[in-house]
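Trainee: I would like to go through the labels one at a time. For each, please set the value against the definition.

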Amino acid sequence: MMIEYKSFKSYDNEEIFYIELGEGRPLVYVVGFGDTVEMAYPHALRWSERFHCVLFDHRGYGKTPYTPKGGVEESARDLHSLLCALNLDDVVLVGYSMGGSVAFSYFEQFGSERIGRLVLLDTNPKLINDSSWNLGLWQGLYTSQDYEHDLHVIEDNPPLFHLSFFVRASTPVSVGIPADFPDSDDLDGWFDRALKITGLRERFIRKVFFKEASEDQRRLERLYWESMTGGNWLHIIEKIDVPTKCIFAEPGSFYSPRTGEWLVNRLPQGTLETLSNATHMCPKEKFEDLVGIVERFGTD
């Protein structure tokens, strides 16, 4: 697969790599935590049949080089710089997972400048649950203690973090029904569960999840997790003044449509659609359904 990358200088003169395909109304897809342009390229190809589709790699991922600065707020500033560099207006902005956090941060920093429509795909304005919020990560069960644990593990034991992240994202979980997951620090348990979920060979699983990561890479990944998972954009929702489509997996894994219902009840122009029999991996699981929903919303 040959992907033609381009680059631009962001607001701080750092080089950010992106792709653009197709013609028409601009559609910018902001990928999730740990994802890259290459991973989302099949979606870009399909959307490019109807849109001028643009994707970029977050700092330190894919083609975009490592920088000391990183995180959701930084990606939002890179997104704004990209829209300005390409002179894109009336954009259909699609944010998946962490990409939704980037979208929230964009609206917090720049309002709806250059944005015509917004798609929030299985994402959340506040991931940590507490006494006043139970619609966050892990179907409302992720706590500040879990967050502190992850900040430690993401740098000290990346395979454990990545395996547990993947298994939780890929396992259907219904609200109110506890999932039978391994203990948080049981590396072998998470590894065995990943083998069962994927059906792949042990050697391949080790190749994917046990890759060596430099100190800089681990630090940058922590920055993204810290800024996304520790963020709180509840106050932004009622200020999003463009038509917004919320798309959530049903029953979900990380999140549930309950979060989507909360969002559309507060968004000035929000509507909700669900992807049935899906998890947080819904962009792959429900590829055709997702492509169609976004196409219809972007061309209404």
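**Labels and their cut-offs**

Mentor: Start with Ser-48, which is placed in the loop between α1 and β4. This is a predicted model, where local features need pLDDT of at least 70, side-chain atom pairs count only at pLDDT 80 or more, and totals for chains, interfaces and linings use all residues. Residues are numbered from 1 along each chain as its sequence is written, and side-chain values use heavy atoms, with hydrogens and water left out.

Trainee: Why does Ser-48 count as buried?

Mentor: Buried means under 20% relative accessible area, exposed means over 50%, and partly exposed is in between (1.4 Å probe, protein chains only). The relative accessibility of Ser-48 is 16%, so Ser-48 counts as buried.

Trainee: Which residues is Ser-48 in contact with, leaving aside neighbours within four places in sequence?

Mentor: They are Leu-21, Gly-22, Glu-23 and Cys-53. Contact requires heavy atoms within 4.5 Å.

Trainee: What makes β4 a mostly covered strand?

Mentor: Helices (H or I, at least four residues) and strands (E, at least two) are DSSP runs, numbered from the N terminus. Strand β4 covers residues 52-56, and five of its five residues are buried. His-52, Val-54 and Phe-56 point one way, while Cys-53 and Leu-55 point the other way.

Trainee: How do you know that β2 is paired with β4?

Mentor: DSSP must find at least two bridges between two strands for them to pair. Strand β2 (residues 15-21) has four bridges to β4, and the two run antiparallel; because the requirement is at least two, they pair. Within this pairing, Ile-19 is opposite Leu-55, and Leu-21 has Cys-53 as its bridge partner.

Trainee: In what sense do β3 and β4 pair?

Mentor: Parallel, over four bridges. Leu-55 is the bridge partner of Tyr-29 there.

Trainee: What is the order of the open sheet?

Mentor: Eight strands run β1-β2-β4-β3-β5-β6-β7-β8, with mixed pairing. β1 (6-9) and β8 (270-278) are at the edges because each has a single partner strand, which leaves one side of each without a neighbour in the sheet. From one strand to the next, the twist averages 25°. Helix α2 (residues 72-85) packs on the sheet, and its direction makes about 145° with that of β4. Such angles run from 0 to 180 degrees between N-to-C directions, with axes fitted to C-alpha atoms, for helices over the stretch in contact.

Trainee: Glu-74 is in helix α2. Is Glu-74 buried or exposed?

Mentor: Buried: its relative accessible area is 5%. Beyond residues up to four places away in sequence, Glu-74 touches Tyr-11, Asp-12, Arg-59 and Lys-69.

Trainee: Why is Asp-90 called partly exposed?

Mentor: Asp-90 has a relative accessible area of 42%, so the label is partly exposed. Asp-90 is in the loop between α2 and β5, and its phi is near 55°, a positive value in a residue other than glycine.

Trainee: Why is α6 described as largely enclosed?

Mentor: Eleven of its 13 residues are buried, so the rest of the structure largely encloses α6. The cover includes α4 (137-140), α5 (144-156), α7 (187-198), α8 (202-209) and α9 (215-229).

Trainee: What makes one space a pocket and another a cavity?

Mentor: On a 1 Å grid over the protein atoms alone, a cavity is a set of points where a 1.4 Å probe fits but cannot get out; a pocket is an open set with protein on both sides within 12 Å along at least five of seven lines, and lining residues have an atom within 4 Å of a point. Grid points are joined across faces, edges and corners, and a volume is the space filled by probe spheres set on the points. The largest pocket has a volume of about 1,400 Å³. Its lining has 42 residues, with Phe-33, Gly-34, Asp-35, Met-39 and Val-208 nearest the centre. Helix α6 gives the most to that lining, seven residues. There is one cavity of 30 Å³ or more, and the residues lining the largest cavity include Ser-97, Trp-225 and His-280.
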